[in-house]
Amino acid sequence: MSTIPVQAGEETPAECTAGRLELEDGSRVGVMGGGPAGSFFSYFLLDLAARVGTRLELDLYESKDYSVPGPAGCNMCGGIISESLVQTLAAEGIRLPPTVITRGIDAYVLHMDVGTVRLETPRLEMRIGAVHRGAGPRGLQAADWQSFDGYLLELAAQKGARVVRGRVEDVEWQAGRPQLRVRNGASQGYDLLAVACGVNSASIKLFEAGKGNGSYRPPATAKTYISELHLGRERIAQYFGHAMHVFLLNIPRLEFAALIPKGDYVTFCLLGQNIDEDLVRAFFGAAPVRACLPPDWSGPKESCHCSPRINVGGASEPYADRLVFLGDCGVSRLYKDGIGAAYRTAKAAAVTAVFQGIGREDFRRHFWPACRSLARDNRLGRLVFAVTRLIQKWRFARRGVLDMVRREQAHAGRVRRMSEVLWNTFTGSAPYGEILLGTMHPAYIGRLIGSTLAGNWPRREPARKD
Amino acid sequence: MSAGSLGKTYRPGEVIVHQGDTGDCMYVVQDGQVEVVQEQGSGPVRLAVIGPGDFFGEMALFEREVRSATVRAVDEATVLTVDKKTFLRRVHADPSLAYRLVQTMSQRLRKLNTEFAQRQPPP
């Protein structure tokens, strides 16, 4: 008889069966939050369980109505589906229809005070999707698009999730099992609870230190500013086309700003320190910003706007026995591709719950590595954004970057190292580690030095013949 | 092409991939229909017509061989590219992503087996 040796870190057969927490036929799962993380988790959990013949009952709690315009039906986000997520969802068999994608994006336009440059998608196709997370901005009368979050919620419901319209007001633990209670509702017990309530919901307070089933600590957050600017479809096509516009401007307290064209609106996203009206006014007053907006545009005063918080630190220990935290209230990507991170953590949690178990140790071994890889990459991301801030500050560096990108764009067939680095930084299409590695290539460094010298070399005006 | 379409739109009859070309991606049909045609000694043979949600060119993700067939749009079709690098990076992190691909390839193999068996003379 032969035996299979047990590798370090693997379980022995005895450990496999002793007191393991698992989902079984008829197990009940509660999901708090019907944003992308909650809907992806529900979708994949039910799909994977069906593959192995396990029938689950899943209740997905969401208080927002995604058919209502304005804050009541919106999860407050820039609404970009990254190139890598678009492709991954296609491979998963999840099609994002044109009613959900309000505009396909095939280019980024980088604006700086020293000039503007356009970066196209690598295969010259619409590979990035701009979406409205909710039904649309406040005051909207009619729309020919569908909420992205509403669409994902529908997909989860089609897989068998029961959508419960209500906010969870209390979480109790009885005999190690979570019990959820909504307003005026009876308490419901579950075998597994997935929390995907984001960082802007009061629900996260239900899991503050000492209240949950483990050692969860919510992530560090930062405030952003998002506004929906109504320009109308024709003017958006004329001024923005299918390009997202990003700005590296040397304005105090401004870190990053973008204008994202959608159906009838352009979404304005701003990252910075102590964001206030003065900062927003300074941004819209900058020449590169004025140049890409219609001259008769009245300004953002009456626009639907919000100041949501985003995850910038990652939660600690986002799992416990029968409990897992997904998306923004768990671990996300720094500044970019939050929806992509929600997909990754939700899928990792669903795979773990169906194939490994729902105990703390199962999540630590099989779910946490997906979170840890995001967290480690975010550390490198901080370095990438620190360099971006220096470029934003130093005019000579901006000239060098611009010169290098322009040279790359002018020579077909040339390896576009700077273009690729900028594309991946702004779109969130590649891990930050890969971006950083790209900047260490000798050819990149050599060309950047050359372009910085050439871009800053004093140019003489050509002498007039007359 | 709608403002919200993802991928690239091809006119009726336009070739998306050529038989014999090298490839580093697979394709997912977003809208419309495409036909898969193989050039054989006796002339072109239509192998399949596929529509929204279906994929083709997946062999390029696993092999370094050239494209085994030509694919062209039947009517106006929108097709999204999935890069080999993006796909394999995700599969490395989450092998279950390959399930749908394996499932479809299994169904195609089953269909081929049935067709092959039907063409064989009875023993």
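Reply: A:R360 is partly exposed, because its relative accessibility is 32%. In this predicted model, A:R360 pairs with A:E361 in a salt bridge, and the closest N and O atoms are 3.9 Å apart. The cut-off for such a bridge is 4 Å. A:E361 also counts as partly exposed, at 32% relative accessibility. Over all chains, the structure holds 38 salt bridges. Side chains of opposite charge can pair when their charged atoms come close.

A:K159 and A:D47 meet through their side chains in a salt bridge, at 2.9 Å from N to O. A:K159 sits in helix α4 (residues 148–159) of chain A and A:D47 in helix α2 of chain A, so this bridge ties together parts 112 residues apart in sequence. The two ends differ in cover. A:D47 is buried, at 17% relative accessibility, whereas A:K159 is partly exposed, at 33%.

Of its 16 residues, 14 are buried, so α2(A) is largely enclosed by the rest of the structure. After α2(A) comes A:G53, with a positive phi near 75°.

Another bridge links distant parts of chain A. The side chains of A:D144 and A:R233 meet at 3.1 Å, N to O. A:D144 lies in the loop between β7 (128–130) and α4 of chain A, while A:R233 belongs to helix α5 (residues 233–239) of chain A; they are 89 residues apart. A:D144 is exposed, with 53% relative accessibility. A:R233 is partly exposed, at 35%.

Next, the nonpolar side of the surface. A:L390, A:W394 and A:F396 form a nonpolar patch there, with about 280 Å² of accessible area together. A:F396 lies in helix α10 (residues 395–410) of chain A. At 43% relative accessibility, A:F396 is partly exposed.

Then the cysteines. The count of disulfides over all chains is zero. A:C197 shows the reasoning. A disulfide needs two cysteine sulfur atoms within 2.5 Å. The closest cysteine sulfur to that of A:C197 is in A:C329, 4.4 Å away, so the two are too far apart for a bond. A:C197 is buried, at 13% relative accessibility. In chain B, B:C25 is buried too, at 1%.

Last, chain B as a whole. It has three helices and eight strands. Along the sequence they run β-β-β-β-β-β-α-β-β-α-α. Its C-alpha atoms fill a box of roughly 55 × 35 × 25 Å along the principal axes. Of the 123 residues in chain B, 41% are buried. Among its contacts between residues at least 6 apart in sequence, 73% join residues at least 24 apart. Chain B exposes about 7100 Å², and carbon and sulfur atoms supply 52% of that area.

Definitions and conventions:
Residues are numbered from 1 along each chain as its sequence is written. Chains are lettered from A and ligands numbered from 1 in the order in which they are written. This is a predicted model: local features need pLDDT of at least 70, side-chain atom pairs count only at pLDDT 80 or more; totals for chains, interfaces and linings use all residues. Side-chain values use heavy atoms; hydrogens and water are left out. Buried means under 20% relative accessible area, exposed over 50%, partly exposed in between (1.4 Å probe, protein chains only). Helices (H or I, at least four residues) and strands (E, at least two) are DSSP runs, numbered from the N terminus. Patches are made of residues with over 30% relative accessible area and no salt bridge: like charges are joined within 9 Å, nonpolar side chains (Val, Leu, Ile, Met, Phe, Trp, Tyr) within 5 Å. Accessible areas come from the Shrake-Rupley method with a 1.4 Å probe; for residues, only the protein chains shown count as cover. Contact means heavy atoms within 4.5 Å.
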